[in-house]
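Hello,

Here is the structure I promised to pass on to you.

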Amino acid sequence: MPTDTTPTPSRLAHTLAAGRDRAFVGRRAELDWFAAALDGESEARPVHYLHGPGGIGKSTLLRVFAGLAQRAGRPVVEIDGRTVVPTPEGFLAAAGTALHQPGVVLLVDTFEKCQGLEGWLWERFLPQLPVGAVVAVAGRAEPDLLWTSDPGWVDLLRVTALRNLAPEEAAEFLHARHVPASVQQAVLEFTGGNPLALALAAVVAVKDGAPKGDWRPSQDTIATLLRQLIGNTPSSEHSRALEVCAHAYVTSESLLRAVFGVRAAELFAWLRVQPFIESTGAGLFPHDVVREALEADLKWRDPEGFAEMHHQMREVQLAQLRSVPESQLLQATGALIFLYRTDRQISEFNVWRDVGLVEDHPYVESQREQVLELVRRHEGAESAAIAAFWLDHQPQAFRAYLSTQTGELCAFSAWLEIADPVGLEVDPVVAAAWRYARANGPLRSGEYLALARFTIDGTAYQRPAAATTLAQWRATGEMVRGERLAWSFVVMRDDGYWDGHLGDINMLPIDSPPAVGAHRYALFAHDWRTQPPGPWLAEKSAAMLAGASMADGPVRGPAELVVLSRPEFDAAIRDALRTLRRPVALGDNPLNRSRLVKESGKSLTEVLADAAQALLTERGGEKLHRAVSVAYFKGAPTQEVAAELLGLPFSTYRRHLGTAVERMSELLWHHELNGQ
């Protein structure tokens, strides 16, 4: 016989339930609804449908509901869809007693296992429950719109999509499980507040006992999460579509088409109905913990596959950024930068979660005093006078950031484009940038330099915030899209805060930073002619995948490009044509390190041959093509012989050849400045 001190099954169950109750956090709105339904309050709807992905806490919440109902003296019928035969007869065998118990509380868990009964449940079973019954159904899938829009159910049914725990609730969860404070932030970032992920990560973090901020989940934890959250996928392409969705900021059908071709529509349709996928106006994205688990698993399981996917998506997003209209610049730039979010330097200076707190708008004249007041407050009267000068001369360069909560201006930025030495006597910062460019790579005809001249948030000033993130995105988008952009300069207060981040993306501070009033400013420079956007992003990708920094030197990619003036370029074209049949001499030509050749993916010989072929598309181009072909590509020993072979007077031949070389130089110079 058990003694009074011997744990009985009922006492163990009581202890188990009490422990679970103590560990439960959040879900205040759902608990309030259930309590109101139990009390029979008139506004409480008696049927509650809860849906959400695996691990979101549906079963835990139903267990809490059961405890509340039992303490209220209500009879409770609990059904698990995993153990029910998914037929009306099977469901009745499990839950039929609820039809005859006044005040019954019916709790149906894992309803996705018998989702085929949904129509029968709404039409036949639930209407037979006695008055005063309370029902909670939980499953992964949303209820059919047919029932949620049914006039008969409108006043009886409440539908809730369960979300992750709020940050303060997740922190309470970890504290209750004795997770060291030093790793809680890392655990929160990985889990995104998903209850299952929090529970698994808490066990691992406590077991590791490592009080450090760079905690990472074990592969066993990740494998368990993926099994519980996602389960099996229909095919390898569906799995890859999930991985693409995890890596992208948002996933559209057009993005999938660029990766998968004709199966894009099918894969997009499958993704959008998954319970762990959310929809926005821009596309689809997975819940945070699903995103993090998929990324971490693929990097560990197939690092080469992850790298291949990243490179492919980078090129897709880069092409999209270059082609979208101005109104979509921020969205496209944010999507491109998001591919690098696992790089610490990128993640620490971009606050993706908060960008919805502000809206980017063109500056309007009525905002002038607010803008200048922000400058005066943070940088002083001298800087405000400079801002006033640029507001007069380049008002289109300014962007205003308005709070989405109040509609008030809270920040602004400016992207100045300078093609001529304007404002040098007014603005020491622009003057310093102009001098630096002249000394290190002067502007060529048609080129310009640009400065992210002002970035001022009313609260954060130049620290990471929603507005400063959008200002970075706008500047980055302008750098990528600037067809004749030679130099860019990012201007920040010279306190060292941005050195690591900007150095990590090959934007390095110039010597002798200028001062305005009492403040010195750092100018971070990049010559886009020596490292255009494509190679720049490729090098950043290589550094990220290698766990390195661009500041440490190139990880992979082409050698630095050469920047030639127009006279130097024309001379190099003539020299290249003369040495076409002498490989060693041709190999020394500076055009081999020009944007023209590097971005084409062809040899200098092939580039010149294409230019000669292009002459045929012009009026009178056939005679020019014949002259340059015989002289250089076929290699006539002398110009006199070339003229004879063409049957032309020597003077006519010389005129045709000179015109041909000039036209080839024009065509190739256009490509050198504008890219392919």
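**What I found**

Apart from its neighbours within four places in sequence, M507 is in contact (heavy atoms within 4.5 Å) with M479, V490, L502, F524, A525, H526, W528 and W536. A second, separate core of 41 residues includes V430, L451, W487 and V516. A nonpolar core here is a set of buried Ala, Val, Leu, Ile, Met, Phe, Trp, Tyr and Cys residues joined through side-chain atoms within 4.5 Å. Buried stands for under 20% relative accessible area, exposed for over 50%, and partly exposed for anything in between, with a 1.4 Å probe and protein chains only. The largest nonpolar core has 95 residues, and W215 and M507 have the most contacts inside it. Helix α21 (residues 466-481) supplies the largest share of this core, 8 residues.

Before you go further, please note that this is a predicted model: local features need pLDDT of at least 70, side-chain atom pairs count only at pLDDT 80 or more, and totals for chains, interfaces and linings use all residues. Residues are numbered from 1 along each chain as its sequence is written, and side-chain values use heavy atoms, with hydrogens and water left out.

Next, a helix to look at. Helices are DSSP runs of H or I with at least four residues, numbered from the N terminus. In α24, the buried residues are F569, D570, A572, I573, A576 and L577. They lie on the same side of α24, because they cover an arc of only 160° around the axis, taken from the directions from the helix axis to the C-beta atoms. The exposed residues P567 and R578 are on the face turned away from that buried side. The buried residues of α24 pack against α25 (583-587), α26 (595-598), α27 (604-614), α28 (621-633) and α30 (650-674).

Is Q317 buried or exposed? Q317 counts as buried, because its relative accessibility is 2%. This residue is found in helix α15 (residues 303-323). Leaving aside neighbours within four places in sequence, Q317 is in contact with L255, A335, L336 and L339.

Finally, the second largest pocket holds about 850 Å³ of space. A pocket is an open set of points on a 1 Å grid over the protein atoms alone, where a 1.4 Å probe fits, with protein on both sides within 12 Å along at least five of seven lines; lining residues have an atom within 4 Å of a point. The volume is the space filled by probe spheres set on the points, which are joined across faces, edges and corners. Of the 31 lining residues, G55, G57, K58, S59 and T60 are the closest to the centre of this pocket. Helix α3 gives the most to its lining, with 5 residues.

Best wishes

Technical notes. Helices (H or I, at least four residues) and strands (E, at least two) are DSSP runs, numbered from the N terminus.
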